[in-house]
Amino acid sequence: MNAFIIPLNGWAAGERKFHFRADTEFFHSFGNTEILDADVNAEATVLKKDAHKVEAVLHLKGTVTVPCDRCLEPVALSVDATPSEVLTPGEGEVDWNLSQAVYDYVCVSLPLQKVHPEGTCNPDTVRFLGQLGRGNEEAEASDANSPFAALKGLFDAN
Ligand SMILES: [Zn+2]
C-alpha cells in the first residue's frame with residue numbers, strides 16, 4: 001500500500017509541509033469496505049525543533065463516498081478537518097508513518113448520519129425500503145381502492 005511517510009533525517013531544523021493523497025485503495029488497505037471512493041489530501045506541517053524533537057499537525061481535506069444510510073446510493077461527504085492533537089514520532093524512528101493517523105482522523109471526522117441532503121435521496125430505493133417496513137399500510141391502501149370499499153361508503157352514508 002502507499003503510505004504517508006515523513007523522513008525525519010536529512011533536513012535541517014525548521015518547518016516543512018508534507019503532502020499525501022489518501023485514495024480509495026488507501027482506505028481499503030485498512031480493511032474499510034464502507035468507503036466506496038476517496039480522495040483526501042492530507043497535509044502535515046512538521047516542525048523539527050532539533051534531531052530529537054519533532055511535532056506534526058495534520059490538515060485533511062477532500063471527499064469520501066459511502067453508501068447513504070437512507071437510500072443506500074453513494075453519497076459524497078466532504079472532509080475538512082484539522083485535528084487539534086499534535087503528533088510526535090516514536091522514539092528512534094527514522095521514517096515516521098502517519099498513515100494510521102490520517103485514516104483514523106478521516107473516519108472520526110465523518111458524520112454519524114451519512115445521508116444525502118433532505119429530499120435528494122433516490123426516491124425509488126427509499127420507496128422500496130419503506131415498503132419493506134410498511135406492509136400493513138400498503139394493504140389498507142389497496143383495500144380502499146376495492147369495489148367493496150366503495151359499497152361500504154354507500155352503506156355508511158345511509
Ligand atoms: Zn440517500
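Mentor: Read along the sequence, the protein chain follows the pattern β-β-α-β-β-β-β-α-α-α-α. The model is predicted, so local features need pLDDT of at least 70 and side-chain atom pairs count only at pLDDT 80 or more, while totals for chains, interfaces and linings use all residues. Residues are numbered from 1 along each chain as its sequence is written.

Trainee: How many helices and strands does the protein chain come to?

Mentor: Helices (H or I, at least four residues) and strands (E, at least two) are DSSP runs, numbered from the N terminus. On that basis the secondary structure of the protein chain comes to 5 helices and 6 strands.

Trainee: What is the order of the strands in the open sheet?

Mentor: Two strands pair if DSSP finds at least two bridges between them. The pairing in this open sheet of 4 strands is antiparallel, and the order is S2-S3-S4-S5.

Trainee: Which strands stand at the edges?

Mentor: An edge strand here has a single partner strand, so one side of it is left without a neighbour in the sheet. The strands in that position are S2 (14–23) and S5.

Trainee: By how many degrees are neighbouring strands of this sheet turned against each other on average?

Mentor: Axes are lines fitted to C-alpha atoms, for helices over the stretch in contact, and angles run from 0 to 180 degrees between N-to-C directions. For neighbouring strands of this sheet, with direction ignored, the average is 15°.

Trainee: Over how many bridges do S3 and S4 pair?

Mentor: S3 and S4 form a hairpin with 2 residues between them. In this pair Asp 37 stands opposite Thr 65 in S4. The antiparallel pairing of S3 and S4 runs over 13 bridges.

Trainee: Which residue in the turn between S4 and S5 has a positive phi?

Mentor: Strand S4 (residues 53–67) and strand S5 (residues 74–81) pair in the antiparallel sense over 8 bridges. Pro 67 stands opposite Pro 74, Thr 63 opposite Ser 78, and Lys 61 has Asp 80 as its bridge partner. The hairpin has 6 residues between its strands, and the residue with a positive phi of about 70° is Leu 72.

Trainee: At about what angle to S4 does helix H2 run?

Mentor: Contact means that two C-beta atoms, placed from the backbone, lie within 7 Å. Helix H2 (residues 99–109) lies across S2, strand S3 (37–50), S4 and S5, and its angle to S4 is about 50°.

Trainee: Which residues of H2 are buried?

Mentor: A residue is buried if 20 or more other C-beta atoms lie within 10 Å of its own. The buried residues of H2 pack against S2, helix H1 (24–28), S3, S4 and S5. They are Val 102, Tyr 103, Tyr 105 and Val 106.

Conventions: A residue is buried if 20 or more other C-beta atoms lie within 10 Å of its own, exposed if 12 or fewer, and partly exposed in between; C-beta atoms are placed from the backbone.
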